[in-house]
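Reader: I would like to learn how to read some features of a model like this one. Please take them one at a time, with the general idea before the case.

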Amino acid sequence: MVVLSVPAEVTVILLDIEGTTTPIAFVKDILFPYIKENVKEYLQTHWEEEECQQDVNLLRKQAEEDSHLDGAVPIPAASGNGADDLQQMIQAVVDNVRWQMSLDRKTTALKQLQGHMWRAAFAAGRMKAEFFEDVVPAVRKWREAGMKVYIYSSGSVEAQKLLFGHSTEGDILELVDGHFDTKIGHKVESESYRKIANSIGCSTNNILFLTDVTLEASAAEEADVHVAVVVRPGNAGLTDDEKTYYSLITSFSELYLPSST
Ligand SMILES: CSCCC(=O)C(=O)COP(=O)(O)O
Ligand SMILES: [Mg+2]
């Protein structure tokens, strides 16, 4: 088995979710279709609620920022002119969400709405989050060895907690010391990793970030964070240069902590 030694200065392991702890197939084949199929009904049912209105306002702001993009779908401001107007607005939000999802965009606005929509599905037991089988045993071992374990995903913190709270392994939320999402910054920006270190109260070189996306690994590395790229079934392929440059693991069990036995 390949073994990757974790540098002695590392005290925090920061985990990506999709493609790292969790199969991309679970996200693409279960989580995302649920949104596409249910977004219209969700908006019609929850439209009057404060949380739903905040989600729509955030999506509208994002749509304004996206107006220069090819195929962007605008969301009109409410005019308060009756049922037809409301249905048009809901349809615009639905089209905007579907357009963003067709590009797998990671905007905070889209991710907030998705998290709120998954809440009911997880609570009703309609979905259970999948984790690769090496994840839970490895995280338990790291924590026993004194490591802190944090999550950094484009999925909203609320969505992250739903996944860890309703997994095929049971409720594993207690295995995580804290969560970060794109509210701290995007995962391809190195400043996000500095802010995460600051928020945890450590130096960036105390963190080891595990991700499947080399653009994220590169941004983290630029901030002096240690990185390893996780190769899982169904992940995007890496170039030969990326395979040579990055430390690669195919299972969390390949990480060796000098402090553990
Ligand atoms: C954790 S919520 C479901 C996954 C998701 O919406 C997403 O965008 C995952 O992105 P990641 O940063 O974990 O690769
Ligand atoms: Mg990922």
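Reader: Does Ala72 count as buried, partly exposed or exposed, and why?

Author: Buried means under 20% relative accessible area and exposed means over 50%, with partly exposed in between. Ala72 has 23% relative accessibility, so it counts as partly exposed. Bear in mind that this is a predicted model. Ala72 is in the loop between helix H2 (50-65) and helix H3 (82-102).

Reader: How far apart are Ala72 and Asn206 in sequence and in space?

Author: Ala72 and Asn206 are separated by 134 residues in sequence, and their C-alpha atoms are 41 Å apart in space.

Reader: How does the reading go for Glu18, buried or exposed?

Author: The cut-off for buried is under 20%. Glu18 has 14% relative accessibility, so it counts as buried. Glu18 sits in the loop between E2 and H1.

Reader: Which side chains make polar contacts with the side chain of Glu18?

Author: The side chain of Lys28 does, at 3.1 Å. The side chain of Lys106 also does, at 3.3 Å.

Reader: Which protein atoms are donors of the magnesium ion?

Author: The magnesium ion (ligand 2) has Asp16 (OD), Asp16 (OD), Glu18 (O) and Asp212 (OD) as protein donors, at 2.2 to 2.7 Å. Along the chain, these donors follow the spacing D-x1-E-x193-D. Asp16 and Asp212 link distant parts of the chain, being 196 residues apart. Asp16 lies in the loop between E2 and helix H1 (24-46), and Asp212 in the loop between E5 and H8. Both of these aspartates, Asp16 and Asp212, are buried.

Reader: How many residues surround ligand 1, and which are the closest?

Author: Start from the list of neighbours, then turn to individual atom pairs. Ligand 1 is surrounded by 15 residues, and the closest are Asp16, Lys111, Ser153, Ser154 and Lys187. A polar side-chain atom of Ser153 is 2.7 Å from an oxygen atom of ligand 1. For Ser154, a polar backbone atom lies 2.8 Å from an oxygen atom of the ligand. Ile17 places a backbone N or O atom 3.3 Å from a ligand oxygen atom. Ligand 1 taken alone exposes 390 Å², of which the protein buries 98%.

Reader: Which strands pair with E5, and over how many bridges?

Author: Strand E2 (residues 12-15) pairs with E5 in the parallel sense over four bridges, and Ile13 has Leu208 as its bridge partner in E5. Strand E6 (residues 226-230) also pairs with E5 in the parallel sense over four bridges. Phe209 has Val227 as its bridge partner in E6. From E5 the chain crosses through helix H8 (residues 214-222) to E6, a β-α-β crossover that is right-handed.

Reader: Why is strand E5 described as largely enclosed?

Author: Five of the five residues of E5 (residues 207-211) are buried, so the rest of the structure largely encloses this strand.

Reader: What is the pairing between E6 and E7?

Author: E6 and E7 pair in the parallel sense over two bridges. Val230 has Ile249 as its bridge partner in E7.

How values were computed. Residues numbered from 1 in each chain as written. Chains lettered and ligands numbered in written order. Predicted model: local features only at pLDDT ≥ 70, side-chain atom pairs only at ≥ 80, totals over all residues. Heavy atoms only, no water. Buried < 20%, exposed > 50% of the residue type's maximum accessible area, 1.4 Å probe, protein only. Pairing = 2+ DSSP bridges. Right-handed = clockwise from strand over helix to strand, strands pointing away. Near = heavy atom within 4 Å. Polar contact = N/O pair within 3.5 Å; in protein donor to acceptor, adjacent residues only side chain to side chain. Areas by Shrake-Rupley, 256 points an atom, 1.4 Å probe, with all protein chains shown as cover. Donors = N, O, S within 2.8 Å, 3.2 Å for Na, K, Ca; no water.
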